[in-house]
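Hi everyone, thanks for coming. Let me put the structure up on the screen, and then we'll walk through it together.

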Amino acid sequence: MDNSDRWSAGRIAAFSLPVILFQAIELAWRAWLPQHLTATIGLSLASVGLLMVAIRCMDAIADPIMGWVSDHVDTRYGRRRPWMLLGVPLVSAGAVCLFCAGSGASVMAVLLASVALHLGYSLIVTPHGGWGLEISRDVHERTRLMSAKIWFASAGSIGILLIIALLERGFSVNRAGVATMLGILIALLAPLTVLPVTSLFREREQVKAAPAVPLFATIRAIFGNPLLHKPLALYLLLGVADASSAACFLFFTDNVLQLRGWGATMMVIQPVVVLITLPLWTKASQHHGRERILMLSYGWQLFTTPLALLLPANNLAAATAFLSVRNLSWGVDYALLRSMVADAVDRDIAQGTNRAGLYYALSSIVLKIAMGLGAACAVWLIASSHFDAKSPILSQEAATMIRIAYSVPSCAAALAALLILRRRPLLRRGTNRDFGRPYPDSFT
């Protein structure tokens, strides 16, 4: 296959296969791991929060190194492909050891398995992300490609969640059994999603060899790109909001709303809504500009999320309606922010330098650290109410704190994002809808 500007749906689907693996890892890590580590293995909520921050901090070191290496080290097999293949066995081994661990597993075993999983994750996601950022030179095609990756990730999530829902509702599998299944599923998805990309696609040839600029000097140069400033700030808020809600989602549905066994089914709502709405949001962004659509998305988040504070317990219909309405704009920010980063990459390529891997790594670092902080803060908030995951009785204090941890960080992040977007546009008047052109003299 050659890399033309216009991709068919089939090519996009094939190249997007690894996002199903990424989604499975993030879904398991953010939503199922906190409850698995506390209720099954027996770790404290404080320890779980510390682990989630520590692993994301490790990502902050691994991702830029991997991005720099995949930009500069050109092998006979390419710049991106070898590292992705190296990450496959690490992801598989780490996932099995972490999610299949039983009661009494040591903290060190959990830590080592987490390190292996996330190191392999970095080896796959950063080169693949850089590969995707550098593929197209057309501004609207970049938005289309990034939106398609979110769409296919959502489609994969539906399949994963339906399997979990079947285990929960059809076979009454407990949380430990679901965690085991997730570990096995991630281990299988690693080769099944990565190998087709590394075997079917050719990498984009460099216009010229990337200069051997030291890592930190390269990072400083990238942060100097004005097209990157606003997306990074929004990524920070996105990570906190998304991870805080995800980390306490099962506590919210199982313990507060008293809908035990419905967690995976409730999670299916989000990707199903995304499959329908994201193509519409993508088209709207091409006509009205990305920043306007982002403002509409964050405004909707700010308006709907506080309803979680009022949801009644034991009411499946109300919970379903709330999640359906709240997720009408989910995924828009991921797609549009990633396409904005792709614009920054294209600016560098136009000037003769391809640092797509490091661009992807730096944006992912901001997102992952924010996710770690968001998840940890949510877990620590719940822990402050003396919540006991193994106790069948939930105190009013704990129920209130879980509702707050689920909703308040998202509302605060949405409000801050709106304030950032209300600042002067990233490009001067007349170019705000097209973040990719003109290049040299339209930056503020």
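I'd like to start at one residue, Glu-291, which lies in helix H12. When I say helix, I mean a DSSP run of H or I with at least four residues, while a strand is a run of E with at least two, all numbered from the N terminus. Is Glu-291 buried or exposed? It is buried, with a relative accessible area of 5%. My cut-offs are under 20% relative accessible area for buried, over 50% for exposed, and partly exposed in between, with a 1.4 Å probe and protein chains only. Glu-291 and Arg-422 are 131 residues apart along the chain, yet their C-alpha atoms are separated by 9.0 Å.

A quick word on where this comes from. It is a predicted model, so local features need pLDDT of at least 70 and side-chain atom pairs count only at pLDDT 80 or more, whereas totals for chains, interfaces and linings use all residues. Residues are numbered from 1 along each chain as its sequence is written, and side-chain values use heavy atoms, with hydrogens and water left out.

Now let's step back to the whole chain. You are looking at 16 helices and zero strands. The radius of gyration is 21 Å, close to the 22 Å that the globule rule gives for 444 residues, so the chain is as compact as a globular protein of that length. For the record, that radius is taken over C-alpha atoms, and the rule is 2.2 Å times the number of residues to the power 0.38. Along the principal axes, the C-alpha atoms fill a box of roughly 65 × 45 × 40 Å.

Of the 444 residues, 60% are buried. The chain exposes about 17,200 Å², and carbon and sulfur atoms supply 67% of that; the areas come from the Shrake-Rupley method with a 1.4 Å probe, and for residues only the protein chains shown count as cover. Contacts here mean heavy atoms within 4.5 Å. Among contacts between residues at least 6 apart in sequence, 83% join residues at least 24 apart.

On to the charges. Lys and Arg count as positive, Asp and Glu as negative, and His and the chain ends are not counted. Each charge is placed at NZ of Lys, CZ of Arg, CG of Asp or CD of Glu. The chain has 37 positive and 24 negative charges, and their mean positions are 4 Å apart.

How many salt bridges does that give us? The count comes to 13, where a salt bridge is a side-chain nitrogen of Lys or Arg within 4 Å of a carboxyl oxygen of Asp or Glu.

Let me show you three of them. Glu-26 and Arg-56 form a salt bridge at 2.8 Å, N to O. Glu-26 lies in helix H2 (residues 17–41) and Arg-56 in helix H3 (residues 45–72), so this pair ties together parts that are 30 residues apart in sequence. Both Glu-26 and Arg-56 are buried.

Which charged residue is buried yet has no salt bridge? Have a look at Arg-81, in helix H4 (residues 81–99). Arg-81 is buried without a salt bridge, and the nearest side chain of opposite charge, Glu-203, is 4.2 Å away. Leaving aside neighbours within four places in sequence, Arg-81 is in contact with Trp-131, Thr-198, Phe-201, Arg-202 and Glu-203.

Last stop, the backbone. Most residues other than glycine have a negative phi. Ser-172, in the loop between H6 and helix H7 (175–200), has a positive phi near 55 degrees. Ser-172 is exposed, with a relative accessible area of 62%. Asn-314 also has a positive phi, of about 55 degrees, and sits in the loop between helix H12 (290–304) and helix H13 (316–326). Asn-314 is exposed at 59%.

That's my tour, so over to you for questions.
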